[in-house]
Amino acid sequence: MYFEYNRTSGVNGVCNIQEMTQARGRGRGRGRGRGRQARQEEVDGEAVGPQNRSLLVDFRNHVAVDIWNGMKRPLLKLHSHGRNLKKWSIAEANERLLMRVRSSRVILSAFVERWHSETNSFHFQFGEMTITLDDVPHLVGLQVEGLAVHTVDKTREECLAMVQRCLGVTADVAENKVTTNNRVAFEWLLKTFSEVVDGDSEERVDCCARAYLLYLLGSTLFADKTGTTVSVQFLTLLEDLGRVRDYAWGVGGLGHLYRQLG
């Protein structure tokens, strides 16, 4: 796994959570009324946390502050939903992808606690690390060259028309299944499009393929905290099945990861 190390920022922007926690533990029982700055200076005579906050302007809202103040953190919830793919009969072909995206809650929690959205990097005691485009093909096997993964916000009427066109459903079904924020349920996609038989028309097969790819994107690459629905905006990228392989899905996935971490 390759990370890019940024040597230019120095240690002033580094948030060392382990050191902060140890300092808080050593400071118990003495000098509790002297304030946070006094406790910080007890760590080998150096302040804990960022000494220069001109770059990390949002540090006051960072999880490191809660850890320093001794607040109990809730368990990190992982939003992968990759196991949903096993409900599809053709999902076995994606077992390689599922193996790549399986993660450890402990490791992910450690990285999330060290992520700063101002720099899009993980801050450690020795410097900064970030996930680059070079890492993406090695980690998830997705290409980073090709067409841009980009969608334009559409009105509800445009989204309903796209669902009818791409998934082959009637206007009434689209109106009933597409939510007010233009999303559809995983369960509906699974129930309606997961089975294809030999007698199905070519149009029906294409619609099922788009539904599966939509399900795949919402369950893995572009997973979010909803866990049960996916945006129909992605159908813009799936309408022409012949161009699906031409998109730089790795770039889109990395951008989505940055946004979710921030």
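Let me start with helix 7, whose twelve residues, at 1.5 Å a residue, should span 16 Å, and since its end C-alpha atoms are 16 Å apart, the two agree; the expected span here is 1.5 Å times one less than the number of residues, and helices (H or I, at least four residues) and strands (E, at least two) are DSSP runs numbered from the N terminus. This is a predicted model, in which local features need pLDDT of at least 70 and side-chain atom pairs count only at pLDDT 80 or more, while totals for chains, interfaces and linings use all residues. Residues are numbered from 1 along each chain as its sequence is written, and side-chain values use heavy atoms, with hydrogens and water left out.

An α-helix has 3.6 residues a turn, so residues three or four places apart point the same way.

Now to the largest nonpolar core, which has 33 residues, and in which Leu167, Leu189, Phe193, Leu235 and Trp249 have the most contacts. Such a core is a set of buried Ala, Val, Leu, Ile, Met, Phe, Trp, Tyr and Cys residues joined through side-chain atoms within 4.5 Å. Helix 10 gives the most to this core, with seven residues.

Apart from that core lies another, of seven residues, among them Trp115, Phe122, Phe124 and Met129. Strand 3 (residues 121–124) and strand 4 (residues 127–130) pair in the antiparallel sense over three bridges, where pairing requires that DSSP finds at least two bridges. Within strand 3, Ser121 and His123 point one way and Phe122 and Phe124 the other way, and all are buried.

Finally, a word on confidence: pLDDT, the predictor's confidence in each residue from 0 to 100, averages 76 over the protein chain, and 70% of the residues score at least 70. Over residues 1–43, however, the pLDDT is below 50, and where pLDDT is low, the predicted coordinates should not be read in detail.

Definitions and conventions:
Contact means heavy atoms within 4.5 Å. Buried means under 20% relative accessible area, exposed over 50%, partly exposed in between (1.4 Å probe, protein chains only).
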